[in-house]
Amino acid sequence: MHYPSLAEYCDALQLNLGIALSDPLLGHGTLRSRGPGQPVVRSGNFALTFEVVVDGRSYAVRCFHKPSDSLQARYVAIGSYLRRIRSTCFVDFEFQPSGITTESGTYPIVRMDWAHGQTLAAFVAAHRADADALQQLRMSLRGISRELHRHGIAHGDIQPTNVIVLSATQLRLIDYDGMFVPALRGQVSHEIGHRNYQHPQRNQQQFDDSLDHFSSWVIYLSLLALNVEPELWSRFRGGDEKLLFDADDFRAPGRSPVLKALRDSSKPDLPPLAAFISELARVPPTHVQPLDGQLVMRALEEARAAARVAWIFGFKVRCWRRICLSK
């Protein structure tokens, strides 16, 4: 299916919501705009997200702009599973196969409850010098990782714009286009997520409940490094696109400026983190284990006491530069 352009979606929504949208609830709402002819819109890999306010309550209206195989079947499977497990990590949504009519035809949308809060990157930018806030954020991220692993599912694109921080203790995941749930096992992934948060070897053939392991580690270890040295944020231009690390750091850890800064740091907690991240990027993506904050803490405690670190990931133990791994 060929989808409308941003301009065509904007024209339809600004003209008359009641005509453009088949959902009677949304049809009585108001499109959030910055000014005349300037609707607020967020562009993602597969969809454009508009905000519609109905009686003081906001909804995300996700209009697709990129073809995706079996879109409706995927969303039906995802919606059915999430309703069954009733996880607080997600917001309610509804796939509407004939949700919007534009000049060129009728197309699907997803109506999603609006998650009010900051993106994870915006929260970190505002609290990067607050050690307690970053520690609590790490704990919350670890809780989400455990929840996903417990239910055998994966979001598929864990990155700052898809993690909404209601508070340091409450996180929500949004945008479910690339999710894996058990009913989709055997299919291939139609997206591989934000490149700065994905394993360098990830491809479309990997589509299972391990999809979020690497990206969760990347965010967790970034927060841990910022806890130790907050100025890394400004030095390496942290933001929505990256907290600290980008795809080039994972592809070539030995040439990474940020990993070199961690390796060369006089602060004892940072060199082990550089080794940790470098090794995660080397092993096959399906061998990366779920996020385990206690594993990191044990490693750092041992690193402070000696030049040996016991990190067990379930893959063959190997020697690292300056760090010897043993059980």
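Which residue lies over the face of Tyr-220, and at what distance from the ring centre?

1. Arg-138 is the residue over the face of Tyr-220, at 5.6 Å from the ring centre. Likewise, Lys-66 sits over the face of Phe-46, 5.0 Å from the ring centre. A charge counts as over a ring if NZ of Lys or CZ of Arg is within 6 Å of the ring centre and within 35 degrees of the ring normal.

2. Before going on, please note that this is a predicted model, in which local features need pLDDT of at least 70 and side-chain atom pairs count only at pLDDT 80 or more, while totals for chains, interfaces and linings use all residues. Residues are numbered from 1 along each chain as its sequence is written, and side-chain values use heavy atoms, leaving out hydrogens and water.

3. The structure holds twelve aromatic pairs. Rings of Phe, Tyr and Trp (its six-membered ring) pair if their centres lie within 6.5 Å; planes under 30 degrees apart are stacked, over 60 edge-to-face, and the rest tilted. Tyr-75 and Phe-93 are edge-to-face, because their planes meet at 75°, with ring centres 5.5 Å apart. This pair links distant parts of the chain, with Tyr-75 in helix α4 (residues 71-85) and Phe-93 in strand β7 (residues 93-102), 18 residues apart. Helices (H or I, at least four residues) and strands (E, at least two) are DSSP runs, numbered from the N terminus. Tyr-75 is buried at 2% relative accessible area, and Phe-93 is buried at 14%. Buried means under 20% relative accessible area, exposed over 50%, and partly exposed in between (1.4 Å probe, protein chains only).

4. Trp-217 and Phe-276 make a tilted aromatic pair, 5.1 Å centre to centre with 40° between the planes. Trp-217 belongs to helix α7 (residues 213-228) and Phe-276 to helix α11, so the pair ties together parts 59 residues apart in sequence. Trp-217 is buried at 0%, and Phe-276 is buried at 0%. Leu-273 is also found in helix α11 (residues 270-282), and Leu-273 is buried at 1% relative accessibility.

5. Turning to charges, side chains of opposite charge can pair when their charged atoms come close. The structure holds ten salt bridges, each a side-chain nitrogen of Lys or Arg within 4 Å of a carboxyl oxygen of Asp or Glu. One of them joins Asp-23 and Arg-111 (2.6 Å, N to O). Asp-23 lies in the loop between α2 (17-20) and α3 (24-27), and Arg-111 in strand β8 (residues 105-113), 88 residues apart. Both Asp-23 and Arg-111 are buried.

6. What is the setting of the salt bridge between Arg-32 and Glu-51? The closest N and O atoms are 3.0 Å apart; Arg-32 is partly exposed at 41%, whereas Glu-51 is buried at 5%. Glu-147 and Arg-150 also form a salt bridge, with closest N and O atoms 3.1 Å apart. Glu-147 and Arg-150 are separated by about one helical turn, because they are three residues apart in helix α6 (residues 131-151).

7. Finally, look at Ser-256, in the loop between α9 (247-251) and α10 (257-263). Ser-256 is buried at 2% relative accessibility. The side chain of Ser-256 makes a polar contact with that of Asp-249 (2.6 Å). A polar contact is a pair of N or O atoms within 3.5 Å; within protein, one must be able to donate a hydrogen and the other to accept it, and residues adjacent in sequence count only if both atoms are side-chain atoms.
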